[in-house]
Amino acid sequence: MTEIQQAKSGAHEPIAIIGIACEFAGGISSPFDLWHALVNSQDVGSEIPIERFDIHSHSAHMMNQDNGELRKRLVHRGYFLPSSKWDTFEPSFFGLSDGEAATVDPCHRLLLHKFVHLVDDAGYSLDRVRGSRTSVHIGQFSISHQEATLNLKPEFRTRLHGPNIMLYNAAARLSYHFDLHGPNLSFDVACSSSLQAVHMAIQTLRSGEADMAVAGGVNAFYTPVSHLNITLLGAISVDGRSRSFSTDANGYAKGN
């Protein structure tokens, strides 16, 4: 997630990145952590944590339907955030009750958390950005939260379940909770979602609709349904490793 700003002297002034926040597998919680992992060629991939999901149990009924081909194609590795990143959240800090927070897409809870880091990295306080003409542009196309919670029986869903599983909240929650008075847009254009978010954020600054803009993306494929669907598509590396720009690349690996 990045915060960008344009000098006010003209529409063609350069766009400046004034703050960055991120969260990736391998305990990467800051731009410094990310740089350290890149410089040291650190492999942050791992086997699928059993507490996340059991892909073999989920697909057991399909194993003998194609002479074992599915078993060969199943991907057992990826890039996984620590479970604590999904499970640890202080609802009261964001004005949420425990009950409502439990229904909010974990991706959106993570966005709220990282926005605080983003503002701090920019050298601002939350009070300073409240009421500002700041637009928010977030890309997300993962629907694991919908897949997981729509299986709940109606009597176990709260009245907030419906709106809390929708992807539009990726950007809307940030604008609402931090009182940002600029446009907010959520994007689902698959793998280019975050890039489109940055593009539209810059357009918003160029047009004068906002003084600052927040742009970025969040995705988490943490259900076996999502993992299996992407595996069957043939897009995931069979050994669960991404090798960007490498001649031996064999697909990409999911971050969860």
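Which residue forms a salt bridge with R133? I looked this up at the outset and found D211, with the closest N and O atoms 2.8 Å apart. For a salt bridge I required a side-chain nitrogen of Lys or Arg within 4 Å of a carboxyl oxygen of Asp or Glu.

I noted that the model is predicted, that local features need pLDDT of at least 70, that side-chain atom pairs count only at pLDDT 80 or more, and that totals for chains, interfaces and linings use all residues. Residues are numbered from 1 along each chain as its sequence is written, and side-chain values use heavy atoms, with hydrogens and water left out.

**Entry 1: salt bridges**

I recorded eight salt bridges by this rule. I then located the R133 pair, which links distant parts of the chain, 78 residues apart. R133 lies in the loop between helix 7 (126-129) and strand 5 (134-139), and D211 lies in the loop between helix 11 and strand 7 (212-217). Helices (H or I, at least four residues) and strands (E, at least two) are DSSP runs, numbered from the N terminus.

I checked accessibility next, where buried means under 20% relative accessible area, exposed over 50%, and partly exposed in between (1.4 Å probe, protein chains only). R133 counts as partly exposed because its relative accessibility is 34%. D211 is also partly exposed, at 31%.

I found R243 in a salt bridge with D239, with the closest N and O atoms 2.6 Å apart. R243 also meets D248 in a salt bridge, at 3.7 Å from N to O. D248 has 46% relative accessibility and is therefore partly exposed. I also noted a network of salt bridges that links E23, K85 and K114.

**Entry 2: S193**

Is S193 buried or exposed? I found S193 buried, because its relative accessibility is 2%. This residue belongs to helix 11 (residues 193-207). The side chain of S193 reaches the backbone oxygen of A190 at 2.6 Å. Leaving aside neighbours within four places in sequence, I listed the contacts of S193 (heavy atoms within 4.5 Å). They are G139, Q140, F141, F187 and D188.

**Entry 3: helix 12**

Which residues of helix 12 (residues 224-233) are buried? I listed P224, S226, H227, L228, I230 and T231. These buried residues pack against helix 2 (55-59), helix 3 (69-73), strand 4 (77-78) and helix 8 (144-149). I found that G234, with a positive phi near 85°, follows helix 12.

**Entry 4: W35**

I placed W35 in helix 1 (residues 31-39). W35 counts as exposed because its relative accessibility is 59%.

Note on methods. A polar contact is a pair of N or O atoms within 3.5 Å; within protein, one must be able to donate a hydrogen and the other to accept it, and residues adjacent in sequence count only if both atoms are side-chain atoms.
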